[in-house]
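Biologist: Please take a close look at one part of this model, the charged side chains and their pairing. How are they placed?

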Amino acid sequence: HNLFYLANPVLNVEDDYYYTLSRINSVSGVVLCRSKSIEGPFEWGPKLGQSLRYFDIHFVEGIIYVLYSMIGDTPERILLGTIDTTLGTDWNDWNFLPGPRILEPRYWFEHQNTIVSTSVEGLAKDRHRISDPRLLLDEDMGPDKLSGLLFYSVQGEREIATAKISIDLALYRNATSFRDHRNIHSKVLRSTSLEEADQNTTGTAESMQVTDLLVTGVGRTGTTSLCTLLRDLGIMVSHDNDFDCGPYPGLDGAVSWYDAFKSLNSGRRYKYVIHMVRDPLRTINSRVAKCELLNEEDYLDWLNQRVGDYEEFSENETCSSFALKNWVRRNSFVERHASWRVRSESVLSDPLSVWELCMAAGFGQRCPELKTIDAHMKDMSTSLNSHFLGASFSKAQQVHEQHQLGIARQGMHSWESLSNAVGHEDYKYIQIAKIMAARYGYNVPNFTSYGFDCTFIEREGATKIYWDCFLDGTE
């Protein structure tokens, strides 16, 4: 079968098969193989994905951990992925799922200060890259750690280096625990747009339209741009209407903040939820900027209609206070059931982040090569849902034109001005937003990390429940 780059076979004690990965070619990708004997012959299983190469595998507690690198990465680096054998007995249903980025070329001996370039198929010409991972495990390694001496090639396969690594598998499994929907709290699950949300609801499951992917979070995070990119790459998602990004609903799912909570009037359900986040100040300022272009009262009414049945806002909300609360509540809810998280700033600029999102959604072999993603990203607009007064007007131009017409602007918020705008009563949301932003990897200066919790609130005499967040010791 012209298989090559055979990884060291690993034994699954549950079914007594030895498993390995083999690479067919850059387009056909990587195939999972198995045999009853470590010497083979190996039978073919599912094709897992494109562009992967140079892999090393290890079996720990029912999960195959894969160290690998990617053709077309900039620069090529060592990554970690997983194949969870505990999620089903049929190995043809197993998916390769992305994980953390383990090692990048940082030191002189790894790249010799050569320029960063994109790796290609075949003989290594670029020197600013690392690849070919082989991990010699520690003898005393327990089930909650993947550790040992990592051998890897540097300077475009011209030298070999070693690094001592230790990966906390317990922390990693906890961070990705919602890939198994049985780990989602039952009350949270019932309020999501996942297909299991209606399992115990009589008479509704049959009418649900289930598709693969929902990318969601808060509005103004770049959902329209991402939707357009994914459609260009052959993943047939939609936005939340028929005109932003192809026909609605999409055959493969949606990129939409509307369905972060379950829509009680919609039959849309999804197999995978991916959490998309953006820097809170940029998100809030984008919402405020759009609010300035329209009638604030009418715009807030429109927003209230679309936040669904699980958020509660007062009658005297401003655009600033609405945007802040919405960022905290919606993101805090989605992070409690999403199986993967992407940052808008990365997924709209980095081909690897797009590939990881695609793989996390279970599309596997349908996910394009990195070079294909990169080519589409170069022609992509990141302000597709910011147009008003015509396609040539960006959001900044819109605000400028409106200002020239004499319409007052509040200006773009800093953390300090946002605190002043929302007042003392809502200051807790400032503190919680900062904590969440730091957890998502954003730079938040001068903040103190408090404990907080988010949960459903039942109002006395009310028929609805609302999602809200509180600092520890307050309610």
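Modeller: Arginine 129 is buried, at a relative accessible area of 0% (buried is under 20%, exposed over 50%, partly exposed in between, with a 1.4 Å probe and protein chains only). This is a predicted model, where local features need pLDDT of at least 70, side-chain atom pairs count only at pLDDT 80 or more, and totals for chains, interfaces and linings use all residues. Residues are numbered from 1 along each chain as its sequence is written, and side-chain values use heavy atoms, leaving out hydrogens and water.

Arginine 129 sits in the loop between α1 (108–111) and β9 (130–137) (helices are DSSP runs of H or I with at least four residues, strands runs of E with at least two, numbered from the N terminus).

Now the salt bridges. The whole structure holds 28 of them (a side-chain nitrogen of Lys or Arg within 4 Å of a carboxyl oxygen of Asp or Glu). One joins glutamate 356 to arginine 101 at 2.9 Å, N to O. Glutamate 356 is in helix α9 (residues 351–360) and arginine 101 in strand β8 (residues 96–103), so this pair ties together parts 255 residues apart in sequence. Glutamate 356 is buried at 7%; arginine 101 is partly exposed at 32%.

Glutamate 335 meets arginine 341 at 3.8 Å and arginine 439 at 2.6 Å. The second pair links the loop between α7 (319–334) and β16 (340–343) to helix α13 (residues 427–439), 104 residues apart. Salt bridges with shared partners also join Arg53, Glu76, Asp126, Arg129 and Glu157 into one network.
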